[in-house]
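Colleague: I'd like to learn how to read ring contacts in a model like this. Can you take me through them?

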Amino acid sequence: MHDRQSPQTRRIFAFLNSLWPVPLLLSIHFCLGLSAASRKTLTFDEGLHLASGYSYWSANDYRSNAESGNWPQRWAALPVWLEGYRFPPPDEPTWLHGQRYDFANRFLYDSGNNADAMILQARAMIGLLSVALGAVVYFWSRQLFGGVGSLISLMLYTFSPTMLSHGFLITADLASALFFCAAAWAVWTLLHRVSIFAILAAAISMAGLLLSKFSGVLIVPMGLVLLAVRCFHSQPLLVVFGQTYELRGRLKQLAAIAGVMVVEILAVGMLIWASYGFRYSTLNPSASHGATVDTSWEQFTKNVGAAGPIIQFLGEHRLLPEPFLYGLSYTLSTTEVRRAFLNGEFRTHGWISFFPYSLLVKTPLDVFAVLALAAIGAWFFRGTSNQTDPASQASIHHWYPLTPLMVLLSVYWIVSLTSHINIGQRHLLPTYPPMFILAGAATCWFLLSKWTSSPLQNGKRVEIAEPHHFTKAIRIAQIVLCVSLALAALDAVWVWPDYLAYFNILAGGPAQGYRHLVDSSLDWGQDLKELKRWLDAHPQDAKSAVPVYLSYFGTAWPTYYGIEATRLPGFFDVPSTLPPQALIGGTYCISATMLPGVYLPFPGKWNARYEQFYQLFTQAVAAYRNAGGNEEQIRQIAASFGTQNMNPIFHLYEQLRFARLCAFLRQREPDANAGHSILIYRLSDADVEQAIAGPPVELLPDCEPEAADELPFKVSERGK
């Protein structure tokens, strides 16, 4: 059939095929993400990343946070360092003794700096990386699917809550996603066309990947799979050095690729050494002043299995810098046991379903709709070709160009499914850009009029009548695609600024997110500003007669944001009061991560053994109060628990009391929330009494198996 598009339609498609929408969409992405980030306080690891990056620039010292990526920390801290914010002196105890989080807090909140300005500047730098990743998504998709397909990919990226949240946080997650995508593309390109530019692009992207996150080592199996696929393809290898040479035959191609691999290894190694100042040692000898590193990388290598001897060899022969080896061994040694929460359940060894479930509930349904249309369209119209659009012909008619995307997704997902680090959907971040790129195949629904051929018969072109139901199906698919893209944009506007707390309607939306996932999938300590806004808007809940209680999962300082609250146990324990203060009715603000007790000494659901401990420590505290300050009686109480003083008893009592309170709160809906990550409960005196002294409302027969290792058995046995 003839092309029945009107001149106006053709002009629209010409605009969509141009580059003009790209800067607009990337600008929208940057503005949405950074404006949302400006309303959020420091997330859990951001201060550590920022302080570490600053120390890399200012002190050429790598003792802090070497496991979290040299390049993203340097990049984020660059404007802060250039602006000359005050940095704690070299003899600062928290710096000397490796107290990393305390040191980061000193830098941000206790050195006379404007913490919010520093954080926003660093987040803007990560935002620029997010814009760069958006450009990679667009141009890779354009290479495969043409202008309209790449615009579909870029729109999904632009308005993705996942990219808008983690793309503007001072972490290594976005940099890792960027370099995974760039490295897969660069390596695949290099396997087909060897040139100076291709060699440099592959070296920089692979070095950036290894210097962002140590999961970047997955580029090795990915590269081997890509090489194997390439070897079974008959396409010649182009070598471009002034002139273009074609290498045919597998032996010649493998020889050339082997030579290129040696060059790449040397180039990546050189970039790694340069990133650590061409120095082997972690500490800067000229400025260490008696500093120590808490754990050496050699100790970590004992727990990393087959990788241990390899890391030992690299260290003994000083083939890579010590902080790089430390970060690698630390990462490998801490992947087996990590506390995690999923749908009301607690584990330390994770679930195979964790990441698939996270993807399902944390991804807008619009994305799944577009991916489904892309898959259906690419499958059903794989036998057609658009002679006027080589990009769409190359990918939809021929699957070979999609290989690096499929390999990246396959290898990364296989490793993720077996991973025990089930602490956040952010670990799936490198899989989102490939999904968005593949979604560009949905452009086939707009190109079908071109793909339906108009054959020549007797020298004249004839019309081919399309079945009515076929035409109708195409129109429906086009409408669904347009509506899905529009809803993706509306979704991003609707959930602003709470992108980290986004959950789709399958999970009940952000308000119900705490029932499904916590930690960096929902609550990473980002909502102290939102809590302050809520308290200011509800003065009746913040009066002196109505105390405010706070259990906070995070590293920011509540007092820095004007939040005056009685602290309940959180991730970082607050020193126990002697004796512990009684809890009364008031406004209880509980971080969603603390509610299920994931990081408490008594994790998981309340059970009979926890209740036994609680009654035991309650009696000890009551006996202390009845002792009326009699030191001999107090020593006897402490001795019955095998301790020299009452402090450990007070600490465990407060932890158990809070865990029992959380078990009570889990049975009711919160009265309000701050950014969906801090849950707010208005409790009366009677509510509190029922929670900590009444019959437990959540009581399992006994300790959950995975929680057993966390119990203080020695204390309980002595207490008996």
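Modeller: Start with charges over rings: a charge counts as sitting over a ring if NZ of Lys or CZ of Arg is within 6 Å of the ring centre and within 35 degrees of the ring normal. Here, Lys362 lies over the face of Phe503, 4.7 Å from the ring centre. Arg74 sits over the face of Trp57, also with 4.7 Å to the ring centre.

Colleague: What should I keep in mind about the numbers?

Modeller: This is a predicted model, where local features need pLDDT of at least 70 and side-chain atom pairs count only at pLDDT 80 or more, while totals for chains, interfaces and linings use all residues. Residues are numbered from 1 along each chain as its sequence is written, and side-chain values use heavy atoms, leaving out hydrogens and water.

Colleague: And how do I read two rings together?

Modeller: A pair of aromatic rings is described by the distance of the centres and the angle of the planes. Rings of Phe, Tyr and Trp (its six-membered ring) pair if their centres lie within 6.5 Å; planes under 30 degrees apart are stacked, over 60 edge-to-face, and the rest tilted. This structure holds 38 aromatic pairs. Take Tyr560 and Tyr561: their ring centres are 5.2 Å apart and their planes at 75 degrees, so that pair is edge-to-face.

Colleague: Which residues do ring pairs link into a cluster?

Modeller: Phe602, Trp606, Tyr610, Phe613, Tyr614 and Tyr653.

Colleague: Back to that tyrosine pair: is Tyr561 buried or exposed?

Modeller: Buried means under 20% relative accessible area, exposed over 50%, and partly exposed in between (1.4 Å probe, protein chains only). Tyr561 has 10%, so Tyr561 is buried, whereas Tyr560 is partly exposed at 31%.
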